[in-house]
Each structure stands twice: as structure tokens, then as C-alpha cells.
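Me: Please take a close look at the salt bridges in this model, and at the strands around them. I would like one connected account, with the cut-offs stated.

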Amino acid sequence: MEQTNHSPVGALTPRPSAVSRSESTQIIMPPHINGAGRLFGGVLMQWIDTLASIVAMRHSGHSVTTAAVDTLEFRGPAFQGEMVVLEGKVTWTGHTSMEIRVDTWVEERGVRKRLINRAYLIMVAMDEQDHPVAVPPLLVQTDEEQAEWQMATKRKEARRHVLEAQLKANV
């Protein structure tokens with residue numbers, strides 16, 4: 001695949017997702033468990049948000065804030081004593097915002113066993129005065145990254161339509 005640079009002329013230097021790709025591993029302990037004996041969703045959401053922030057900070061070189069959680073899809077449970085691995089990467093960049101995908105896997109004996117969550121978060125880079133600041137464009141290098149970019153663009157458009165509908169309805 002030919003590399004795709006999604007940036008205007010004179011903009012920041014594009015960066016590949018590999019530069020900011022990050023991973024975090026947690027062991028599910030008793031404080032992480034809900035009343036049903038499974039990993040509490042709020043704990044996982046905190047871990048996801050933290051990893052997404054790290055990915056976005058590495059890509060942008062700035063502090064970041066979470067603007068939106070576009071998708072948070074629970075696909076299966078995790079239980080006390082299991083090890084979960086969170087993998088995060090940039091899938092799309094705008095002027096000041098980035099979409100970060102975080103996949104959460106249960107790992108057994110060093111093997112990724114099952115995907116239990118996929119999340120897409122929108123992070124905004126902030127300057128020292130807490131104002132949005134431009135981020136480096138994503139350098140799309142593979143067919144998979146191009147497909148992720150296209151899906152991220154569709155998710156962004158869907159968010160825009162929802163916002164417009166809410167504004168029309170005065171919600």
C-alpha cells in the first residue's frame with residue numbers, strides 16, 4: 001500500500017501510529033470486581049481512558065483531554081485473577097483531535113485468549129493554557145490503517161449528525 005498523508009501543505013510532520021502505540025497490563029484483583037463477580041465496567045473504562053491518554057500524548061506531544069467516548073463495546077467478561085492486556089493506537093487525526101482505539105484482551109500463559117472490549121475515544125491535545133492545539137497528522141501506512149481511517153471518518157460524521165439532531169430538538 002502507498003503511504004497516505006492526511007495533512008495540508010505546511011502542516012506538522014505526519015507520524016505513523018507505531019510511534020504512539022501503547023500497551024498496558026493489569027491483573028484483576030478483588031477491588032476490581034463487581035457484585036456479579038466480574039470485572040467492574042467502570043474500572044475497565046478508567047484503564048481504557050488512561051491508555052488512550054498515553055497514546056494521544058505520545059502522538060501529539062501535548063497533554064490531552066477526553067472529548068468523547070464514541071464506542072465502548074463490552075464483548076465478554078473477565079474474572080478475578082485473570083490478566084487483561086489493553087492495546088491502544090491512533091486511528092485518525094483531525095486538526096486538534098485524535099481517535100484512539102483501545103482493545104482489551106484476556107491473556108492466559110502469554111497468549112491473547114479473547115477480546116473482551118473494543119473502545120474508540122476522541123482525545124483533544126491541549127497547550128499550556130488548556131486551549132486546543134494542532135496535532136501531527138496520522139501517516140497511514142497499511143491497508144488496515146487505511147480501513148481504520150475510513151471507519152473513523154464515518155464515526156465522526158455519525159457523531160456530527162447526532163449533534164445536529166440534538167441541537168435541532170433542543171436537547
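**Salt bridges and their surroundings**

Reply: Glu144 and Lys89 form a salt bridge, with their closest N and O atoms 3.3 Å apart; the term requires a side-chain nitrogen of Lys or Arg within 4 Å of a carboxyl oxygen of Asp or Glu. Because Glu144 belongs to helix H2 and Lys89 to strand E5, the pair ties together parts that are 55 residues apart in sequence. Helices (H or I, at least four residues) and strands (E, at least two) are DSSP runs, numbered from the N terminus.

The model is predicted: local features need pLDDT of at least 70 and side-chain atom pairs pLDDT 80 or more, while totals for chains, interfaces and linings use all residues. Residues are numbered from 1 along each chain as its sequence is written, and side-chain values use heavy atoms, leaving out hydrogens and water.

Glu144 is exposed, with a relative accessible area of 52%, whereas Lys89 is buried at 12%. Buried means under 20% relative accessible area, exposed over 50%, and partly exposed in between (1.4 Å probe, protein chains only).

The whole structure holds eleven salt bridges. One of them joins the side chains of Asp70 and Arg159, at 2.6 Å from N to O. Here too distant parts of the chain are linked, since Asp70 sits in strand E4 (residues 63-74) and Arg159 in helix H2, 89 residues apart. Asp70 is partly exposed at 24% relative accessibility, and Arg159 is partly exposed at 24%.

Arg160 is partly exposed at 36%, as is Glu157 at 33%. Salt bridges with shared partners also join Glu99, Arg101, Asp103, Arg118, Glu148 and Arg155 into one network.

Next, the strands. Strand E6 (residues 97-108) has ten of its twelve residues buried. E6 runs antiparallel to strand E5 (residues 83-93), and ten bridges join the two; strands count as paired if DSSP finds at least two bridges between them. Leu86 has Thr104 in E6 as its bridge partner, and a hairpin of three residues connects E5 to E6. E6 also pairs with strand E7 (residues 111-126), antiparallel, over twelve bridges. In that pairing, Glu99 stands opposite Ile122 in E7. Two residues lie between E6 and E7 in their hairpin, and Arg109 in the turn has a positive phi of about 50°.
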